[in-house]
Amino acid sequence: MILVTGGTGYIGSHTVVELLNNGYDVVIVDNLSNSKEMVVDRIEAITKRRPIFINGDIRDREILDEIFTNFDISCVINFAGLKAVGESVIKPLEYYQNNITGAVTLLEAMRDHKVYNFIFSSSATVYGDPVSVPVDETFKIGGTTNPYGTTKLFIEQILQDLYKAEPKFNIAILRYFNPIGAHPSGLIGEDPNGIPNNLAPYITQVMIGKRDHLNIFGKDYDTEDGTCIRDYIHVCDLAYGHVLAIKKLMENPGVVIYNLGTGKGSSVLDVLHAFEKAYGKEIKHEFVGRREGDITANYTKVDKAFKELGFKAKYNIDDMARDQWNWQKKNPNGYEE
Ligand code: NAD
Ligand code: UD1
């Protein structure tokens with residue numbers, strides 16, 4: 001049985017679908033701070049299997065003890081965490097408390113219950129502003145520009161230190177690039193609170209009429225069309241990467257680190273055009289100044305994940321745009337009825 005913390009969230013829910021479809025049993029623990037319990041019904045509608053859902057916080061040791069006592073957990077995937085970059089600058093202590101205390105409490109419970117396989121949701125943000133692109137897993141990490149990113153960096157270090165002390169642990173650190181898109185069923189997807197900070201949900205809110213237009217942050221970057229380059233990856237591809245990571249952990253590899261992306265950089269305008277293709281018309285947009293903290297380009301080399309995990313993204317940005325638009329159209333207010 002796999003314990004998925006944060007399993008009703010965006011990436012967690014898609015991963016639970018892949019796990020169930022690949023024959024794993026799943027327990028979700030989520031405190032619903034950024035998701036809805038209805039997601040569990042949607043997961044069941046897609047997979048015809050229902051994960052066990054526990055409404056709880058990963059900082060609550062009693063709940064974790066109950067879970068590890070009652071279920072035979074072979075691996076833990078830790079998605080639970082706060083992830084809004086801007087908010088983390090305003091509320092650093094909340095971010096350190098939730099993300100770091102959460103991870104440490106979870107790892108203590110795992111150690112005490114002799115559960116040693118752990119997968120951690122890290123981020124490409126740990127590379128800071130990379131010296132060159134594409135980045136690979138040997139690039140130096142550090143230079144994060146906000147507390148959210150720093151929680152990822154610190155937790156990676158904690159995991160390395162833990163492994164040194166307790167080599168029974170097998171740990172996969174997965175550094176996600178930019179997950180977008182939604183399950184092709186349109187039943188689950190990203191449901192941001194308030195005004196979206198990230199590009200894709202902002203675009204679909206313009207498409208659905210909730211926002212007037214997209215502001216494109218900067219048109220004078222040193223790229224072909226002047227807008228920033230990122231490695232957008234379909235959330236279902238990313239989710240499947242976790243199934244492959246579980247298999248890898250069964251080989252007792254110690255600590256392993258993989259970048260998960262497509263290996264292809266796309267500009268903001270490329271993404272906008274992919275959504276316009278899905279929409280069948282133009283999407284209103286304006287160029288504004290650069291957003292503080294944005295870097296020119298970040299995309300990954302895919303060789304290591306391919307060679308060691310067999311990971312290869314199937315979907316391109318047109319697929320991502322089509323599926324995210326499908327989700328938004330079918331759920332104009334996200335999971336709100
Ligand atoms: P999300 O907010 O949709 O999911 C996180 C889930 O964790 C939510 O359902 C929330 O309710 C839950 N949660 C938060 N704190 C908790 C706690 N203390 N105890 C129990 N549950 C808690 O976010 P997501 O986009 O699915 O991201 C999942 C993970 O991947 C996060 O750790 C995030 O930092 C990381 N990540 C995300 C991205 C991205 O672009 N979405 C990129 C890189 C890394
Ligand atoms: C951001 C975070 C990163 C985090 C990731 C996933 C920053 C600096 N980085 O990455 O740490 O891991 O989200 O949560 O916040 N854009 C627009 N208009 C918009 C929104 C975005 O032009 O309204 C542009 C941005 O300038 C960027 C690109 O679209 O070039 C992607 O932005 P976004 O989706 O926020 O992702 P990142 O900035 O890559």
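Predicted model: local features only at pLDDT ≥ 70, side-chain atom pairs only at ≥ 80, totals over all residues.
A nitrogen atom of ligand 2 lies 2.7 Å from a polar backbone atom of Asn215, which makes a polar contact (a pair of N or O atoms within 3.5 Å).

Residues are numbered from 1 along each chain as its sequence is written, chains are lettered from A and ligands numbered from 1 in the order in which they are written, and side-chain values use heavy atoms, with hydrogens and water left out.

Around ligand 2 there are 19 residues, each with a heavy atom within 4 Å of the ligand. Leu199, Asn215, Arg230, Arg291 and Asp294 come nearest. By class, the shell has nine nonpolar, seven polar and three charged residues. Here Ala, Val, Leu, Ile, Met, Phe, Trp, Tyr, Cys and Pro count as nonpolar, Asp, Glu, Lys and Arg as charged, and the others, Gly among them, as polar. Strand S8 (residues 214-217) gives the most to this shell, with four residues. Strands (E, at least two residues) and helices (H or I, at least four) are DSSP runs, numbered from the N terminus.

The next topic is the aromatic rings. The structure holds four aromatic pairs, meaning rings of Phe, Tyr or Trp (its six-membered ring) with centres within 6.5 Å; planes under 30 degrees apart are stacked, over 60 edge-to-face, and the rest tilted. One of them joins Tyr96 and Phe154, stacked at 6.0 Å centre to centre with 25° between the planes. Because Tyr96 lies in helix H5 (residues 92-112) and Phe154 in helix H6 (residues 147-165), this pair ties together parts that are 58 residues apart in sequence. Tyr96 is partly exposed at 26% relative accessibility, and Phe154 is partly exposed at 41%. Buried means under 20% relative accessible area, exposed over 50%, and partly exposed in between (1.4 Å probe, protein chains only).

The rings of Trp327 and Tyr335 have centres 5.0 Å apart and planes at 55°, so this pair is tilted. Trp327 is buried at 2%, and Tyr335 is buried at 5%.

How values were computed
Polar contact = N/O pair within 3.5 Å; in protein donor to acceptor, adjacent residues only side chain to side chain.
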